[in-house]
Amino acid sequence: MAKLRITLTRSAAHRLPAQRKVVKELGLGRVSSSVVKPDDPAIRGAVLKIAHLVSVEEVKD
């Protein structure tokens, strides 16, 4: 199964509370922090809500 590397490129400060919550639930803290998550519909949906704050790349196993 493929995985996604999600990197926070813009700050979540001064954003909607729902967007800040998604950033925190994905495990992203500071700008330039990144996490590797499985590529599933739940993660894709979360990334879609904060697409303007993150960059996503596919990681091969």
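Strands E1 and E2 pair in the antiparallel sense through five bridges; two strands count as paired if DSSP finds at least two bridges between them. Helices (H or I, at least four residues) and strands (E, at least two) are DSSP runs numbered from the N terminus. The model is predicted, so local features need pLDDT of at least 70 and side-chain atom pairs count only at pLDDT 80 or more, while totals for chains, interfaces and linings use all residues. Residues are numbered from 1 along each chain as its sequence is written, and side-chain values use heavy atoms, with hydrogens and water left out.

The open sheet has three strands in the order E2-E1-E3, with antiparallel pairing. E2 and E3 stand at the edges with a single partner strand each, so one side of each lacks a neighbour in the sheet.

Val36 belongs to strand E2, residues 34–38. Its relative accessible area of 43% makes Val36 partly exposed, a class between buried (under 20%) and exposed (over 50%), computed with a 1.4 Å probe on protein chains only. Setting aside residues up to four places away in sequence, Val36 touches Lys3, Leu4 and Arg5, contact meaning heavy atoms within 4.5 Å.

Helix H2 (residues 41–49) has Ile43, Ala46 and Val47 as its buried residues. These cover an arc of only 100 degrees around the axis and therefore lie on the same side of H2; the arc is that of the directions from the helix axis to the C-beta atoms. What covers them includes E1, helix H1 (17–25), E2 and E3. The face of H2 turned away from the buried side carries the exposed residues Pro41, Leu48 and Lys49.
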